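This briefing concerns a ligand shell and the strand pairing in the structure shown below. Please consult the sequence and the model alongside the points that follow.

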Amino acid sequence: MPHALAGRPVLRMNGAGNEILVLDLRGAALSVSPQEARAIATQAGLAYDQLMVIHDPRERSADAALTIYNVDGSLSAACGNGTRCAAFALARAEGAPAVVFETDAGRVASWREEEFYFRVDMGRPRLAWREIPLARDVGDLADVALDPPVPGAPARFSAVGMGNPHAVFFVADAEGVDLLGLGPKIERHPLFPERVNVSFAEMRARDDILLRVFERGVGPTKACGSAACATLVAAAQTGRAERRARVRLPGGDLTIEWRDDDHVHMSGPVALEFETTLAARTFEGLAA
Ligand SMILES: N[C@@H](CCC[C@H](N)C(=O)O)C(=O)O
């Protein structure tokens, strides 16, 4: 018997270069296990940073629910670029210009601004150590000592939760940072019980930030939306920026605004690369 996910259509997309796969399982009594999520990434052309699985919502007042996988099979409660891509998928399927998703981080709204340009309301930043989470109370979250230190890494960072955990290091030269060397050590540093997304931010101007991110569960990516939000929050909190900035990532630019209602909004491009189906052989060896 073929695996239940075989033959299902998927959209290969990117959000500002963040590699996203969208699998719409609405109307099907199906879910994706971590093993299946990892297997999907091995199908030719389908390697992804995040897999966004769209389900029926629990409550009628939402349009859909999202389950978010990193490529290592770990779950994340938030993914800004992936949410914008999932909103594109619903707009494409049903013409919905605005959608509300249920996520493990709460309700998230996203809407179309132009044909391939979407905004997402990422909600309030989480600015308490237990919410991020950190392993212990470290005092001022905007200025935390990386203790124990990681050789070669900056000594201090800002900790911000965007529904997922972020450590933001402000540096003089973001492109010169050894992302592959430092990223894994900081991602698994004992201060972060659920690991962490690691950002290196260079302030080019008060409204212009250059960002490089080593994502939890993935590695270096061309863009990370929640990291861009966390960086703007950290920059505003430490007096480096106002509450709106362009954040430049290797795959594209995002505009981030920390609004007066305390919600952080992100806008940026999405692209549909191709549509295909999940192959039966992708799931060989896994229970149907
Ligand atoms: N690329 C995402 C963030 C995805 C989740 C992250 N790797 C985590 O595990 O928290 C984004 O655009 O926000």
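The shell around the ligand comprises four nonpolar, 12 polar and three charged residues; Ala, Val, Leu, Ile, Met, Phe, Trp, Tyr, Cys and Pro count as nonpolar, Asp, Glu, Lys and Arg as charged, and the others, Gly among them, as polar. The model is predicted: local features need pLDDT of at least 70 and side-chain atom pairs pLDDT 80 or more, whereas totals for chains, interfaces and linings use all residues. Residue numbers start from 1 along each chain as its sequence is written.

**Ligand shell**
- Ser76, Asn81, Asn164, Gly225 and Ser226 come nearest among the 19 residues around the ligand (near: C-beta atom, placed from the backbone, within 6 Å).
- Helices α2 (80–94) and α4 (225–237) each supply at least two shell residues, and α2 gives the largest share, three residues. Helices are DSSP runs of H or I with at least four residues, and strands are runs of E with at least two, numbered from the N terminus.
- The ligand lies between domain 1 (9–123 + 271–283) and domain 2 (144–262), because both give residues to the shell; the domain bounds come from an automatic or database assignment.

**Pairing of strand β17**
- Strand β1 (residues 9–15) runs antiparallel to β17 (residues 264–277), joined by seven bridges; arginine 12 stands opposite phenylalanine 274. Strands pair if DSSP finds at least two bridges between them.
- Strand β8 (residues 117–121) pairs with β17 in the antiparallel sense over five bridges, with tyrosine 117 partnered by proline 269.
- Strand β16 (residues 252–258) pairs with β17 in the antiparallel sense over four bridges, and tryptophan 258 has valine 264 as its bridge partner.
- Five residues separate β16 and β17 in their hairpin, where aspartate 262 in the turn has a positive phi of about 80°.
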